[in-house]
Each structure stands twice: as C-alpha cells, then as structure tokens.
Amino acid sequence: MKMLELPWLITPYESNGLPASISAFNAAHGAARSLAVTTFSQLKGTWRILNKVMWRPNKWKFPSIILVCCLLHNIRIDSGDILQPDVALSGHHDSGYGEQCCRQVDPLGRTMRDILVKHLLHSKQTAAPK
C-alpha cells in the first residue's frame, strides 16, 4: 500500500507507559486538537454557509469559503466584537461526516513531532525554578 505524503500532519504518539516528555506532548496535542474542533464549530455556528458547502460537488469553492469565514472571524475579534460562545453547534456535523484517525506517520511529521517533544522538554527544564 502506498503511503500518502502528509508532512504537515503531526500525530500523537500511540502506546501505553510513555515517558513524561512524550505524555506531555500528547496532552498538548490533544488540547490543540480540542481547540481546533471548538473553533471550527464556532465558525460553523457563526457563518452558517459552512454548514451548506461541506459536502457539495463544488469542492474547489470550499477552501475559499473557509478562508473568507476565518478572515471575517478574525476581523470581528480584532475590532473587539464579542463572540457568543453559545453560537457553536455543539456536536453538530454535516451529513456524511466521519471523524478520521490517521495512523500513518509521515517521516517529516515524525521528525517535527520529535523536535516538538525536545522543545517542550527543554522549555520545561529552563522554566523550572533553580
């Protein structure tokens, strides 16, 4: 089976009994993923067009629409507009949605993941009081 090239995809480590530095990375990865899911849910709640274009045949429009919604979202934040947290569509997914878990680890993604673990460990060590 041919492996897809996904150098931008940094997956968490899979295993039990991982060292503390790797467990810390997995915790940070999980927190970032959770934030991304929450943010995209809020975007979909605010910009309802995102609920309509997710699975339409004109997929070339989809990245542009997401970009525009993100830009408008950032303009709202920069202008001091108060975002309503209850606008998010909690647990709402488009029909046809299926969460995907990628078990493939791209070599470049693996290298970046290892660098991030070392950075987290170094940051923790330098921040520790002496």
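Visitor: Among contacts in the protein chain between residues at least 6 apart in sequence, what share joins residues at least 24 apart?

Guide: Welcome! This is a predicted model. Take the contacts in the protein chain whose partners sit at least 6 apart in sequence, and then pick out those joining residues at least 24 apart: the share is 71%.

Visitor: Which pattern does the protein chain follow along the sequence?

Guide: The protein chain has four helices and zero strands. The pattern is α-α-α-α.

Visitor: Is His 73 buried or exposed?

Guide: Let's find His 73 first: its place is in helix H3, residues 61-78. Buried means under 20% relative accessible area. His 73 has a relative accessibility of 7%, so this residue counts as buried.

Visitor: Which residues does His 73 touch, not counting those up to four places away in sequence?

Guide: We leave aside residues up to four places away in sequence from His 73. With those set aside, the residues that His 73 touches are Gln 42, Leu 43, Trp 47 and Leu 83.

Visitor: What percentage of the protein chain's residues count as buried?

Guide: The protein chain has 130 residues, and it exposes about 9800 Å².

Visitor: Where in the protein chain is confidence highest?

Guide: The protein chain averages a pLDDT of 78, and 71% of the residues score at least 70. Confidence is lowest in helix H2, residues 49-53, at a mean of 71. With a mean of 88, the highest is helix H4, residues 107-127.

Technical notes: Residues numbered from 1 in each chain as written. Predicted model: local features only at pLDDT ≥ 70, side-chain atom pairs only at ≥ 80, totals over all residues. Heavy atoms only, no water. Helix = DSSP H or I, 4+ residues; strand = E, 2+ residues; numbered from the N terminus. Buried < 20%, exposed > 50% of the residue type's maximum accessible area, 1.4 Å probe, protein only. Contact = heavy atoms within 4.5 Å. Areas by Shrake-Rupley, 256 points an atom, 1.4 Å probe, with all protein chains shown as cover. pLDDT = per-residue confidence, 0-100.
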